Amino acid sequence: MYGKTSAFTIHQTNPFNGGPQPRDLGREAITPNDLFYVRGHGPVPALTPEDCTVVVDGRVSHPLTLRLSDLQRGFPAKTVEATLQCAGNRRAELHSVMSMQPGALLWQTEAISSAAWTGVSLADVLTRVGVQDGAAHVAFLGADHGAAPDGGSFGGSIPLSKAQSSEVLLAWAMNGEPLPPIHGGPLRVVVPGYYAARSVKWLTHITVQDAPSDNHFQSHDYKVFPSDVTADTVDWDAGEMLNEQRTHAALLSPADGDTVGAGKVTLEGYAMAGGDSQITSVEISLDGGGSWRAADLTTAPRPWVWTLWRAEVELSAGEHTLIVRASDSAGSAQPPTVDEIWNFRGYQNFAWHRVTIIAS
Ligand SMILES: Nc1nc2c(c(=O)[nH]1)N[C@H]1C(S)=C(S)[C@@H](COP(=O)(O)O)O[C@H]1N2
Ligand SMILES: [Mo]
């Protein structure tokens, strides 16, 4: 379905959602398109490159309607490697402490994947239309009518300063292939460093405005609340809008519950740094966080893309809980447990990752 391999696990068909098995993820720095996780909230619009147009309006001097071919011919093309991560990645760990609402997708560590995206810089398009003084946000809207409870499409916004950074793309290609329909083809936004909810697929509108988007998925979803807020007590205006990813690391192999041979065991996983920072170290603890040893970083740390890591440890026969954590160039800290970051929508789990395995 949608060009995915048999190794891709479908969590839901309508809307289509799924991802690779954690142990199949992170083998390569770039995730093959047929394994890249999918998060969608509505129908997949059938759009052709010929009928793909984007309206650029709002607080701009020269509003424009651009066809895909206008973007491809009128602006310099650019390729950026970026890891997309759903804010719901690792929700299953939050759910195990206190249940999420029924219907929530219980992602483990697989709602994250990396690609080389090709398109044009949003910054170049904004320069062409002329942003007016005082504007502060850039909003995006997709063509997936019916994605929102009010019948509208998926949308969201980013601060103007991020929108004017050259790495934010309007992308039509993914790993050298035309952007697959399930990933937003013909055209999507890619916002490196931010949670992927802002990387709007099937893009139809870019609006420069004073305030953040009032789209359902920005104003009533993808927000983080304190641990004591529930679906019954929530004041949607009080939540914190998700933007920059938070630095964390995950162990992919072995996976939770696996049995491995006692002795030398190879651990592998990813570490993702938020915003414009990059990973400086990944550490493993075998004794509940008392002592830590450094893992080898097997891909060069850079902003916007995950860093893959590997470590060899000696495990005696028995049950072991392994803990993984990361440090970044911004000096940010991870919470040791999910308790202090639990939130009823299950977003932004960046706690130390714990995996329990048996060595025999
Ligand atoms: N139009 C539209 N864009 C969207 C979404 C959506 O449902 N509709 N989902 C968002 C979310 S929450 C995520 S995590 C990413 C997933 O991108 P992917 O399916 O290419 O992995 O797309 C984002 N962009
Ligand atoms: Mo997401």
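The model is a predicted one, so please read each value below as computed from it. Ligand 1 sits in the largest cavity, with 18 residues around it.

**Where the ligand sits**

- The shell around ligand 1 is made up of 10 nonpolar, four polar and four charged residues.
- Tyr37, Asp144, His183, Arg188 and Lys201 are the closest of the 18 residues that surround the ligand.

**Polar contacts and cover**

- From the side chain of Asp144, a polar atom lies 2.6 Å from a nitrogen atom of ligand 1.
- Tyr37 takes part through its backbone, where an N or O atom is 2.7 Å from an oxygen atom of the ligand.
- Ser199 also uses its backbone: one of its polar backbone atoms is 3.0 Å from a nitrogen atom of ligand 1.
- On its own, ligand 1 has 530 Å² of accessible area, and the protein covers 100% of that.

**Cysteines**

- A disulfide is a covalent bond between the sulfur atoms of two cysteines.
- Taking a pair of cysteine sulfur atoms within 2.5 Å as the cut-off, the count of disulfides is zero.
- Cys52 is buried because its relative accessible area is 5%, under the 20% limit.
- Cys86 is likewise buried, with a relative accessible area of 6%.

Methods:
Residues are numbered from 1 along each chain as its sequence is written. Chains are lettered from A and ligands numbered from 1 in the order in which they are written. This is a predicted model: local features need pLDDT of at least 70, side-chain atom pairs count only at pLDDT 80 or more; totals for chains, interfaces and linings use all residues. Side-chain values use heavy atoms; hydrogens and water are left out. A residue is near a molecule or strand if one of its heavy atoms lies within 4 Å of it. A polar contact is a pair of N or O atoms within 3.5 Å; within protein, one must be able to donate a hydrogen and the other to accept it, and residues adjacent in sequence count only if both atoms are side-chain atoms. Accessible areas come from the Shrake-Rupley method with a 1.4 Å probe; for residues, only the protein chains shown count as cover. On a 1 Å grid over the protein atoms alone, a cavity is a set of points where a 1.4 Å probe fits but cannot get out, and a pocket is an open set with protein on both sides within 12 Å along at least five of seven lines; lining residues have an atom within 4 Å of a point. A molecule sits in a cavity or pocket if more than half of its atoms lie within 2 Å of its grid points. Ala, Val, Leu, Ile, Met, Phe, Trp, Tyr, Cys and Pro count as nonpolar, Asp, Glu, Lys and Arg as charged, and the others, Gly among them, as polar. Buried means under 20% relative accessible area, exposed over 50%, partly exposed in between (1.4 Å probe, protein chains only).
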